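Me: I am new to this structure and would like to go through parts of it with you. Could you show it first?

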Amino acid sequence: MDLKPYLQERQQRIDQALAASLPGADLLPASLHRSMRYSVFAGGKRLRPILLLAACEAVGGDPERAMPAACAMEMIHTYSLIHDDLPAMDNDDFRRGQPTNHKVFGEAIAILAGDGLLTEAFLLLAAPSAPLPAEIRCQVIRLIAKAAGSLGMVGGQVVDMESEGKTIDFPTLEFIHTHKTGALILASLQAGGVIGGADQSAYASLTAYGTAAGLAFQIADDILDIVGEQELLGKDVGSDQARGKATYPAFLGLAEARSRASELRDQAIAALAPLGGAADPLRQIAHYIVDRSS
Ligand code: GRG
């Protein structure tokens with residue numbers, strides 16, 4: 001299969017579903033809804049929803065049934081980026097090639113847009129229009145909530161903030177990476193699997209893939225912060241070093257970090273063996289995660 005058209009087609013379908021799911025830009029309060037939509041449609045890669053749909057398909061499920069969960073995942077991811085860019089956190093001016101949300105709408109609306117997106121995601125997951133049995137729906141809500149909350153992404157963000165400018169050990173670095181970034185990626189795989197009807201063995205394959213791919217993604221992100229092109233990334237490069245952030249390349253050196261990312265990619269792909277050809281998109285996405293330029 002050719003990954004580029006596959007990704008483009010998925011991005012388009014996800015964008016359409018997101019546009020239909022989010023409150024309209026003219027709905028009151030329009031400032032808030034415009035701000036939520038601004039960041040959601042600022043040009044993200046849609047990696048997490050694409051993984052969620054691909055995981056559903058890999059276990060023989062219908063990806064359309066997984067679309068509300070895919071949109072919810074992108075809303076949560078976008079909220080995290082809006083909040084991460086705030087002056088109280090990374091204080092970034094650009095994201096996805098556009099001025100950050102608080103630069104356009106002001107800090108208070110940016111905070112509330114993040115809150116709105118997080119809440120909207122769970123509204124979507126709980127909505128009766130989502131074509132899922134109640135038990136599956138609850139399982140998906142639980143695993144996404146855990147991944148996004150203090151035991152997952154938010155917890156990873158806190159340890160990351162508290163580690164800035166300090167010397168940390170390697171297990172702490174891995175904790176930050178697996179929680180701040182890895183948790184949502186892993187939950188995307190698991191949620192897609194649950195919606196697609198994965199049995200225990202298929203769920204274990206997706207979990208192993210998601211764990212390895214999530215860490216590989218963050219290592220690739222660390223590497224891009226050093227060698228990436230600002231124009232392609234849509235954000236400043238070199239910011240990790242400027243902020244004294246611990247990263248894989250800072251710990252291992254660039255070459256070793258690259259080889260660790262490749263190792264994790266191979267581990268992720270190996271974990272998919274029991275799923276056969278239906279998991280081909282996930283295999284290709286593992287390559288893309290490590291070799292991407294943005
Ligand atoms: C503020 C609660 C809270 C959490 C923030 C995810 C996160 C936690 C912060 C983002 C900081 C960051 C840039 C981490 C690096 C990995 C990452 C999540 C990159 C952005 O994800 P992409 O590349 O972005 O998938 P797009 O724009 O393509 O969706």
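This is a predicted model: local features need pLDDT of at least 70, side-chain atom pairs count only at pLDDT 80 or more; totals for chains, interfaces and linings use all residues.

Me: At what angle do helix H1 and helix H4 cross?

Reply: The axes of helix H1 (residues 3-21) and helix H4 (residues 67-84) cross at roughly 80 degrees and come within 10 Å. H1 and H4 are therefore roughly perpendicular to each other, a term for angles of 65 to 115 degrees.

Me: Which residues meet there, in H1 and H4?

Reply: From H1, Arg13, Ile14, Ala17, Leu18 and Ser21 meet Met67, Cys71, Glu74 and Met75 of H4. Six of the residues in this contact of H1 with H4 are nonpolar, one is polar and two are charged.

Me: New topic: how many cavities of 30 Å³ or more does the structure hold?

Reply: There are two cavities of 30 Å³ or more; a cavity is a set of points on a 1 Å grid where a 1.4 Å probe fits but cannot get out, and lining residues have an atom within 4 Å of a point. The largest cavity holds about 80 Å³ of space. Of its 13 lining residues, Ser39, Ala42, Arg95, Arg96 and Asn101 are the closest to the centre.

Me: Which element supplies the largest share of that lining?

Reply: H4 does, with three residues. Helix H2 (30-40) and strand S2 (98-99), like H4, each supply at least two.

Me: And what lines the second largest cavity?

Reply: Its lining consists of Leu7, Gln11, Lys45, Leu47, Ile50 and Tyr288. H1 and helix H3 (47-58) are the elements that give two or more residues to this lining. The space in the second largest cavity is about 30 Å³.

Me: Where is Pro131 found?

Reply: Pro131 lies in the loop between helix H6 (107-126) and helix H7 (134-148).

Me: Why is Pro131 called partly exposed?

Reply: Because its relative accessible area is 40%, and partly exposed covers values between the limits for buried (under 20%) and exposed (over 50%), with a 1.4 Å probe and protein chains only.

Me: Which residues is Pro131 in contact with, leaving aside its neighbours within four places in sequence?

Reply: Pro131 is in contact with Arg65 and Pro68, where contact means heavy atoms within 4.5 Å. Pro131 and Glu64 are 67 residues apart in sequence, with their C-alpha atoms 9.0 Å apart in space.

Conventions: Residues are numbered from 1 along each chain as its sequence is written. Side-chain values use heavy atoms; hydrogens and water are left out. Helices (H or I, at least four residues) and strands (E, at least two) are DSSP runs, numbered from the N terminus. Axes are lines fitted to C-alpha atoms, for helices over the stretch in contact, and angles run from 0 to 180 degrees between N-to-C directions. Angles under 35 degrees count as roughly parallel, over 145 as roughly antiparallel, 65 to 115 as roughly perpendicular and the rest as oblique. Ala, Val, Leu, Ile, Met, Phe, Trp, Tyr, Cys and Pro count as nonpolar, Asp, Glu, Lys and Arg as charged, and the others, Gly among them, as polar. On a 1 Å grid over the protein atoms alone, a cavity is a set of points where a 1.4 Å probe fits but cannot get out, and a pocket is an open set with protein on both sides within 12 Å along at least five of seven lines; lining residues have an atom within 4 Å of a point. Grid points are joined across faces, edges and corners, and a volume is the space filled by probe spheres set on the points.
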